[in-house]
Amino acid sequence: MILKMYKVNDGDNVINKSLIDPAIFEIVLKNDFNIVNPTLLISNFAGFDVRKFNYCTLEELDRCYFIDGITMMNGSVFRLECSCDVLESFKVGILGSTARFMRNIRTGDYFNAQISTSINKTVSVYESDKSFTGLPTMVLTTIGV
Amino acid sequence: MTLWIDQDLLDVLSTAHVTMTVDDVAIDLTLGDGKTNILDGEVVVLTADTGYEFYTGATGEVLTFFEGSDWDPDAMDYVSFYLNFTIDTEDVTKTSVTFDDRSYESLTVATQEGAVATPDYVITATDMQELFGSGSVLEINDVVAEVGSNIFIGDSLVLSAGVGYEFYLQPGVSEQTSVYFHYRGGIEDMYVEFYGIFTLSEDKKTASFTFADPTDFNGDPVAYKWQEIIVLANQTTEVVGSNKVFVISEDAWDSLNVARFKTEGDGETTVVYDYGKFILNLMELPFSIPEDLILNSENIYLASYDTGVESPVLSVDLIRVDLGSINVPAPHGNLLDFTDVTCVLRLPRVAGVVLDADYVVGERVDVEYLIDCYTGLTTINISSTKTGSNIHTLQADIGVKVPYSSEYNGGTVNNPDISIGGDNGIVRPFIEILQNDPMLPNGFFTGPVLDESVLEGETGFIKVEEIDLISDATYVEKSKIVGLLQGGVIIR
């Protein structure tokens, strides 16, 4: 089975994580393998530093995993404690699902949303393009021919 | 034989101040629609320019002709032949000939300066002054007249009244209007006045007349010509009843305050009449009245009494003042433009008006004052592009009443609204938008908008309240997904 190991800087709660610096291994799974929280043993070799990786995928299982812990078994074997990243593993289904959710404001949003406001007010002034002009004028009204 | 028109022929025409047509088509060498040649049987007409005419020699010999030449074998020389033009017997500015089949090489044209036709009337400076008084404009055959303009019999005259004026029917005179040519003349030993009367349009704004020879009472022509044009026009106002509205200066007002008292006596007793009771109101408006509302000066009458004091007349008693438009932007284009917003319209001489933000933000607000000259009571109409109509109307008294009598308003000058609004120092309307500043309105984790849709396409931080999760994950994994979504996730 192909194990791909990555370095991931995104948070756990991110969908569409950026997987970088991949390394590929051929591994054999043991009989008591747990698909949600697997434990993997890999051999170290010259030029490979397992401590640089915190994420892996097993494509045959359609799952992505966080590497929660690394234990050195002896001079050349490491044990990786993993847990399934369900957001990344099942993101196609998640993003294709209908949900009711809270999100940020966009242009064209005119919902009556609750937004915290400051007690300070900003005053903007917009002037007319016309005004009273000239000097005061006296106007006389009479009854007359 | 065809004669091709070339530049030499055009030069001959130009030098002689004439134009040529061939079978009623003008000649033209510019690849236009005009003729470029003359064919056998076509009629060639030459027309002299204004002030020129064709003529013949002293013994009647023709001086305008086409010329060609043939070889004469007997004479052993070229012999010329001619095609002579015939001058129109009634109009010496025209001459014509029918082209034939011979071959001509040149054209000779003879013109001279002719007698200029004598106009039947010439517009004088006095006439123009007569027009100027009412701002009227006279057009002669669709050309605006000026001093020295000529009028001939049959010319079409149209007179347009100036702004604020209209012509009228002369009372008591049958068919007589206030616009006419007036001349004096004599029939045998009688001294008679004649009138060439203009016809008024229905709205009395234009008067028209086809210039004709004056005729006597029998319709026979008389020898006398027009003497002057008379243009009488009334100032038109929209003032109700027999009231008058004047723009009055302080000096004129001082004079009127003296003239309003009329003294009459029979030598033993003297009575002083105060015509001031026919003054309806005197007030000061805080701006210059638009020029187009001010007509010419007239004497101020109080009832039928002519005070002899002159002042410009206002054409209306309800002054409409456009105080312009205020455009208020909606910078965010979303609910932030309306969150905790108060809109206050500040107007000259009245207290501020609070308007609903819906009518203001992202809209244009127009302000118009309608000022009643009798009372100073002003109706202020505020409209918005939101509805395209008035959204608010208020009334105020913006005219400062000037006392002119101790009896005025029971002995006191009452400016109730001025004491409330008064001169607030505002001459230009403006809108204040007061808004409590939103806290982190665009914060990454703010998420104040509730939405419901497929999550595909969403970006940023969202917090899911409910989801119809479609996935082949295990039960435990689905529970974990829902929990994470409810806690908030970031979609990149």
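Visitor: Which residue stands opposite A:Ile15 in β41(B)?

Guide: The general idea is that strands of a sheet pair through backbone hydrogen bonds, either parallel or antiparallel. In this predicted model, A:Ile15 has B:Ile491 of β41(B) opposite it.

Visitor: How much area is buried between chain B and chain A?

Guide: The size of an interface is often given as the accessible area lost when the parts come together. Between chain B and chain A, about 8,100 Å² is buried, and carbon and sulfur atoms give 58% of this. Of the area that chain B buries against chain A, 8% comes from B:Arg428, B:Val449 and B:Arg492, more than from any other three residues.

Visitor: How many residues does each chain bring to the contact?

Guide: Chain B brings 103 residues and chain A brings 63 residues.

Visitor: Which strand gives the largest share of the side of chain B that touches chain A?

Guide: Strand β38 (residues 430–438) of chain B gives the largest share of that side, with nine residues. By residue class, the side of chain B that touches chain A divides into 62 nonpolar, 21 polar and 20 charged residues.

Visitor: How many salt bridges does the structure hold over all chains?

Guide: Over all chains there are 20 salt bridges. Within chain A, A:Glu59 forms one with A:Lys4, and their closest N and O atoms are 2.8 Å apart. This pair links distant parts of the chain, 55 residues apart: A:Lys4 is in strand β1 (residues 2–8), and A:Glu59 is in the loop between β5 (55–58) and β6 (63–72) of chain A.

Visitor: Now the sheets. What is the strand order of the open sheet of four strands in chain B?

Guide: The order is β31-β34-β35-β36, with antiparallel pairing. β31 (318–327) and β36 (389–397) of chain B are the edge strands; each has a single partner strand, so one side of each is left without a neighbour in the sheet. Direction ignored, neighbouring strands of this sheet are turned by 20° against each other on average.

Visitor: How are the neighbours in that sheet joined?

Guide: Take them in sheet order. Eight bridges join β31(B) to strand β34 (residues 364–372) of chain B, and B:Leu318 stands opposite B:Asp372 in β34(B). Next, β34(B) and β35(B) pair over seven bridges in the antiparallel sense, with B:Val367 opposite B:Ile382 in β35(B). Last, strand β35 (residues 377–384) of chain B is joined to β36(B) by eight bridges, where B:Ser383 stands opposite B:Asn390.

Visitor: Which residue takes a positive phi in the hairpin of β34(B) and β35(B)?

Guide: In that hairpin, which has four residues between the strands, B:Gly376 takes a positive phi near 80°. Other hairpins in chain B can be read in this way. The hairpin of β29(B) and β30(B) has two residues between the strands, and B:Ala303 takes a positive phi near 60°. The hairpin of β32(B) and β33(B) also has two residues between its strands, with B:Arg349 in the turn at a positive phi of about 70°.

Visitor: What is the order of the open sheet of three strands in chain B?

Guide: That sheet has the order β8-β7-β11 and antiparallel pairing. Its edges are β8 (77–84) and β11 (106–108) of chain B, each with a single partner strand, so one side of each is left without a neighbour in the sheet. Neighbouring strands here are turned by 35° against each other on average, direction ignored. Strand β7 (residues 65–72) of chain B is joined to β8(B) by eight bridges, and B:Phe65 stands opposite B:Asn84 in β8(B).

Methods
Residues numbered from 1 in each chain as written. Chains lettered and ligands numbered in written order. Predicted model: local features only at pLDDT ≥ 70, side-chain atom pairs only at ≥ 80, totals over all residues. Heavy atoms only, no water. Pairing = 2+ DSSP bridges. Axes fitted to C-alpha atoms, helices over the stretch in contact; angles between N-to-C directions. Contact = heavy atoms within 4.5 Å. Buried area = accessible area lost by both parts, 1.4 Å probe. Nonpolar A, V, L, I, M, F, W, Y, C, P; charged D, E, K, R; others polar. Salt bridge = Lys/Arg side-chain N within 4 Å of Asp/Glu carboxyl O.
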